[in-house]
Amino acid sequence: MNNMCIGLGNCGTMIVKAIAKSEKLNNVKLYAIDSVATNVDTDTLDRINIIPIQSDEKSGSGRNRERGAEMYLIHEQSDDFAQMYQDAMDAKSPVLVITSSAGGTGSGSTVPLCKALVARGVRVIPIIITPDLSEPDAYHLNTNDLFSEISEITDDADDVGIPSYTIFQNPKNSVNYDPINQEVVNLIEIIFGVRNDYTTRDSIDESDLDTILNTPGRFIATSATATNPDALRKLITSKVFSSYQPAWSEEEIKPLTLMTGYSLKSMFAETDFDSVFEDIRKRIVRRYDEYRNIVNSDNQGQCEATVIIAGLPRPAIKNIETEYNMANDLGEGISKSKRPSFLNKKKKIIGKPFAATTKVPDNIVGGRKMEK
Ligand SMILES: Nc1nc2c(ncn2[C@@H]2O[C@H](COP(=O)(O)OP(=O)(O)OP(=O)(O)O)[C@@H](O)[C@H]2O)c(=O)[nH]1
Ligand SMILES: [Mg+2]
C-alpha cells in the first residue's frame, strides 16, 4: 500500500514536483490539479498524474476562490477525478492535500476535494501554505475563508472531518520558493515514516505516528543534521521556533496538551538525547505523550534529529474588513450643467442628415442579409 499526495494550484503543483525529486518518497502516488498546463514538463509527466481543470476559455481563477471551486466541481461532474478518488481510498492513510491558501484555484478547489475524500472515508491532512502578513488583503481573505470552510467539513457521523492540519508561512518578499518547498518535502518524509531507522530499543512505529498525526489541531515536523550534538541542539531548536512553520507563544500553549515525537541518530544517541532536545522540551508545558526513536549509529560522523509536535494552536490570522470599499460611480456628484440660453436661439436642425441615404438594399430583410 502506498502513500498519496495531491497538490492543488500552482503552489501545490510545485511542491508535488519537489516531492517527485525525493528518493525517499519514490513510492508515493502523486497527483497535481491546476488550471494552467504550463507547470507541466516532460520530466514530471510520467511520475505525476496531472489533471488540468478549467471552466471556460479563461484559464486560472483570477485569485477567485469561488471560481476555483466551480472549476473543480465541473470536472468532478464529468468524472475526471474518479481514478484519483479510487487511488485515495486504496492508499495508505493519511492522504495529504497540498495547496496555497492565497490564490483561487488551489484554495478554492481544496474544499470540494477534501469533502469528496472525507465522504469516501479517506483520512485527509491538509498542508496549507499561507501568505506573509504583509501580503495584500485578497490573499488573507482567501486564507481566512479556506480555514473556515475546512473546519466546517464533517464526516458521516457528523464529527469534525479534518481534525489535524499543518501550516507553512511563505517568507516576506519571497522570490525563491525552493527552500520552503524543500521543508514541506522534509515534513512529508517525517510523517510518512521514511526517516526513522529501525531500532529495537525506543522506536517510533507507524501506529505511534498515527496517534501523533490524529491529535486534533496543528502539527509541525522538522529535522536537522549537524556534525556534533551541540550544533544539532542549536539547529533543531531554531528550526522549531523560527522557521517556515509558525511558532507559538508560551501563553497560547499553556492550557494545551501536546503530543510529541523525537528521533535522534548519532554515535551516542542515548546519552545525547536529553541535551539535543533540551531547549525544545523546556518550552513544552504539558505533553500527553512523548514518542522516541533513538538510534546509536556512527552515521558517517553526522548527528540527525527529527521533531514532531502536535496539538498546537492555529497561528494568528490577519483580520480583514470584509466590506469592499468601492470607487465612486463615474457620474457621482455631478449635476448636469445648463447651457447658456442664447445658444438655443440657433436655427433648429430639420431634415435628413447630411449625405445619408434612406434606401435599404433590397436583399436586406428585417436587418438580415438574404440570398437573392
Ligand atoms: N511556498 C510556495 N508558495 C508559492 C509557490 N507558488 C506560489 N506560491 C504562493 O502561492 C500564493 C498564490 O497561490 P497560487 O498557488 O499561485 O494560486 P493558484 O492556486 O494557482 O490560484 P490562481 O489564483 O487561480 O492562480 C502566493 O502567496 C504565492 O506566494 C511555490 O512554489 N511555493
Ligand atoms: Mg495559478
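Select Pro-94 to start: this residue sits in the loop between helix 4 (82–90) and strand 4 (95–100). Helices here are DSSP runs of H or I with at least four residues, strands are runs of E with at least two, and both are numbered from the N terminus. A cis peptide bond joins Ser-93 and Pro-94, with omega at about -5°.

A word on the model before moving on. It is predicted, so local features need pLDDT of at least 70 and side-chain atom pairs count only at pLDDT 80 or more, while totals for chains, interfaces and linings use all residues. Residues are numbered from 1 along each chain as its sequence is written, and chains are lettered from A and ligands numbered from 1 in the order in which they are written.

Go to Asp-79. Look for it in the loop between helix 3 and helix 4.

**Helix 3 against helix 5**

Select helix 3 (residues 65–77) and helix 5 (105–119). Their axes come within 6 Å and cross at roughly 45°. Axes are lines fitted to C-alpha atoms, for helices over the stretch in contact, and angles run from 0 to 180 degrees between N-to-C directions. The two helices are therefore oblique to each other. Angles under 35 degrees count as roughly parallel, over 145 as roughly antiparallel, 65 to 115 as roughly perpendicular and the rest as oblique. Helix 3 passes helix 5 in a right-handed crossing. Right-handed means that the near helix is turned clockwise from the far one by less than a right angle; anticlockwise is left-handed.

Show side chains at the contact. On helix 3, pick residues including Arg-65, Met-71, Tyr-72 and Glu-76. On helix 5, pick residues including Thr-105, Val-111, Pro-112 and Ala-116. Residues are in contact if their C-beta atoms, placed from the backbone, lie within 7 Å. Colour by class: this contact has eight nonpolar, six polar and four charged residues. Nonpolar covers Ala, Val, Leu, Ile, Met, Phe, Trp, Tyr, Cys and Pro; charged covers Asp, Glu, Lys and Arg; the others, Gly among them, are polar.

**Around ligand 1**

Centre on ligand 1. It is surrounded by 23 residues, the closest being Gly-9, Cys-11, Met-14, Gly-103 and Gly-106. A residue is near the ligand if its C-beta atom, placed from the backbone, lies within 6 Å of it. Helix 1 (9–20), helix 5 (105–119) and helix 7 (178–191) are the elements that give two or more residues to this shell. Helix 1 gives the most, with four. By class, the shell has eight nonpolar, 14 polar and one charged residue.

**Helix 1 against helix 7**

Keep helix 1 and helix 7 selected. They pack at an angle of about 60°, with their axes 9 Å apart. Helix 1 and helix 7 are therefore oblique. The crossing of helix 1 past helix 7 is right-handed. Met-14, Ile-15, Ala-18 and Ile-19 of helix 1 meet Asn-181, Gln-182, Val-184, Val-185 and Ile-188 of helix 7. This contact has seven nonpolar, two polar and no charged residues.

**Helix 9 against helix 11**

Next, select residues 229–241, helix 9, and residues 269–276, helix 11. The packing angle is about 40°, and the axes are 9 Å apart. That makes helix 9 oblique to helix 11. Pro-229, Leu-232, Arg-233 and Ile-236 in helix 9 meet Asp-272, Ser-275 and Val-276 in helix 11. The contact has four nonpolar, one polar and two charged residues.

**The two domains**

Finally, colour domain 1 (1–162) and domain 2 (197–320). These bounds come from an automatic or database domain assignment. The C-alpha centres of the domains lie 27 Å apart. Nine residues of domain 1 are in contact with four residues of domain 2. Helix 6 (residues 137–151) supplies the largest share of the domain 1 side, six residues.

Terms used. Two residues are in contact if their C-beta atoms, placed from the backbone, lie within 7 Å.
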